[in-house]
Amino acid sequence: MTFIKHTYYIGYLLLFVNVFNNSVAAATSLHSEIKNQILQDIFKIHPTASINIAFNLPKTQKKYTYCKNFSLPAVKKIPPGGRISIRLTCKQPNWSTYLSIKSSISYPVATAIMHINKGQKISSSNITFTLRDISKINRGYFTDPSHLLGKQSKRLIKSSTIISPYMLDEPVLIRKGDSVIIQAGSSGLNISTLGTALQNGKQGRQIRVKNDRSGKIIKAYVLAVGKVTIIPQ
């Protein structure tokens, strides 16, 4: 190879490397800008979650690696499974394509740390909160302890199971034969008398109660342990 041809070959190679590096840099910049915008949208929906997303720009055409001005529709909800399909539009130069985005939205959710038997109450001793991807949870979950503590299991919940609302029920506050206070009245006037529960009752449920003074059987709503009311709350 002559000196001139050798110099020409080196120059061509350097030009190719420079173009390649500029293309990679442009693709990296575009990827980062898109990622930041999508993350901002998801954080508006889940401000306290741990969020990760992954996607690739299409490699079939070189034009997709360069864009001076792009637009994306706002992400307003996360589909089950966490996969988002979104249209990316470039205004300069003019092109558009669809991105397939894999997202992970993680919260600490209630999880059984031991087997919880049917009818057993949920307490701080039998649950913990572990970081889980909620987009993979199909039957609901709990992130707030106050929403499930004190409830009871409808069935056996095995250790390490994510606790869902359908697994739980309200506890029985009043049992058949319990003495209860019957409350009645309106407009600030409260009247109460003693009675006997004729049925088991959970909070907010209506049960039959015998008025101990009159002997009359009435229907009342369970307020709390040992308390019922004639007027629904």
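How many of the residues of the protein count as buried? Of its 233 residues, 31% do, where buried means under 20% relative accessible area, using a 1.4 Å probe and protein chains only. This is a predicted model, so to speak for local features pLDDT has to be at least 70, side-chain atom pairs count only at pLDDT 80 or more, and totals for chains, interfaces and linings use all residues. Numbering starts from 1 along each chain as its sequence is written, and side-chain values use heavy atoms, with hydrogens and water left out.

**View 1. The whole chain, for orientation.**

**View 2. The largest nonpolar core, with 28 residues.** A nonpolar core is a set of buried Ala, Val, Leu, Ile, Met, Phe, Trp, Tyr and Cys residues joined through side-chain atoms within 4.5 Å. Ile-34 and Ile-42 have the most contacts inside this one. At least two residues each come from α1 (3-45), β1 (50-54), β3 (83-92) and β4 (95-112), and β4 gives the most, with six. Apart from this core lies another, of 11 residues, including Leu-148 and Ile-163.

**View 3. Ser-164, in the loop between β6 (152-153) and β7 (168-169).** Ser-164 is buried, at 4% relative accessible area. Its side chain reaches the backbone oxygen of Arg-139 at 3.4 Å. Leaving aside residues up to four places away in sequence, Ser-164 touches Arg-139, Gly-140 and Phe-142 (contact means heavy atoms within 4.5 Å).

Notes: Helix = DSSP H or I, 4+ residues; strand = E, 2+ residues; numbered from the N terminus. Buried < 20%, exposed > 50% of the residue type's maximum accessible area, 1.4 Å probe, protein only. Polar contact = N/O pair within 3.5 Å; in protein donor to acceptor, adjacent residues only side chain to side chain.
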